[in-house]
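I opened the notebook to look up a few local features in this model.

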Amino acid sequence: MQVTAKPYAWPYDGKLDPSRTALLVIDMQTDFCGKGGYVDRMGYDIRLTARAIDPIKQLLNVVRAIPGFTVIHTREGHRPDLSDLPANKRWRSAQIGAE
């Protein structure tokens with residue numbers, strides 16, 4: 001089995017074993033990719049991070065149709081009172097008025 005991709009299909013030899021392969025999707029959350037999120041509030045162009053959304057959706061559609069393929073999503077999260085937020089992130093957020 002191969003996944004059609006650019007610049008070439010993956011894996012190169014077609015030896016994709018869904019029971020030994022996982023798709024790991026990291027930090028696809030509003031703070032990094034969405035309007036009003038942290039990256040947007042810092043004044044960065046979110047099109048740079050948001051442009052990954054459609055290709056990831058396409059890949060998810062492919063692998064979710066494969067029996068036995070594992071999909072793992074991660075995200076950064078903190079307690080509602082932010083008691084577990086590291087000091088450097090608290091400081092950085094305060095610089096843009098996000099706290």
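I take contact to mean heavy atoms within 4.5 Å. The model is predicted.

I started with Gln29. Gln29 sits in the loop between S1 and helix H1 (30-33). Is Gln29 buried or exposed? Its relative accessibility is 16%. The cut-off for buried is under 20%, so Gln29 counts as buried. Next I listed its contacts, leaving aside neighbours within four places in sequence. Gln29 is in contact with Gly34, Thr74, Arg75 and Glu76.

**Entry: Arg75**

I placed Arg75 in the loop between S2 and H5. Arg75 has a relative accessible area of 67%, so I filed it as exposed. Which residues does Arg75 touch, not counting those up to four places away in sequence? They are Asp27 and Gln29. I also checked Arg75 against Ile26. The two are 49 residues apart in sequence. In space, their C-alpha atoms are 6.3 Å apart.

I located Leu24 in strand S1, residues 22-26. The relative accessible area of Leu24 is 49%. Exposed needs over 50%, so Leu24 is partly exposed.

**Entry: salt bridges**

Side chains of opposite charge can pair when their charged atoms come close. How many salt bridges does the structure hold? I count 3.

I looked up Lys89 and Glu76. Their side chains meet in a salt bridge at 2.5 Å, N to O. Lys89 lies in helix H5 (residues 87-95), and Glu76 lies in the loop between strand S2 (70-74) and H5. The pair therefore ties together parts that are 13 residues apart in sequence. Lys89 is partly exposed, at 22% relative accessible area. Glu76 is partly exposed too, at 28%.

I then turned to Asp45. Asp45 forms a salt bridge with Arg47, and the closest N and O atoms are 2.7 Å apart. Asp45 has 33% relative accessibility and counts as partly exposed. Arg47 is exposed, with a relative accessible area of 62%.

Asp40 and Lys35 came next. They form a salt bridge whose closest N and O atoms are 3.8 Å apart. The cut-off is within 4 Å, so the Asp40 and Lys35 pair qualifies. Lys35 is exposed, with a relative accessible area of 70%.

**Entry: the second largest pocket**

Rolling a probe the size of a water molecule over the atoms shows where empty space is left. I looked up the second largest pocket. Its volume is about 350 Å³. The elements that give two or more residues to its lining are S1 and helix H4 (53-64). Which element gives the largest share of the lining? The largest share is 5 residues, and it comes from H4. In total, 15 residues line the second largest pocket. Val3, Thr4, Ala5, Trp10 and Leu59 lie nearest its centre.

**Recap**

I come back to the loop between S2 and H5, which holds Arg75 and Glu76. Glu76 has its salt bridge with Lys89.

Key:
Residues numbered from 1 in each chain as written. Predicted model: local features only at pLDDT ≥ 70, side-chain atom pairs only at ≥ 80, totals over all residues. Heavy atoms only, no water. Helix = DSSP H or I, 4+ residues; strand = E, 2+ residues; numbered from the N terminus. Buried < 20%, exposed > 50% of the residue type's maximum accessible area, 1.4 Å probe, protein only. 1 Å grid on protein atoms, 1.4 Å probe; cavity = no way out; pocket = protein on both sides within 12 Å on 5 of 7 lines; lining within 4 Å. Points joined across faces, edges and corners; volume = space filled by probe spheres on them.
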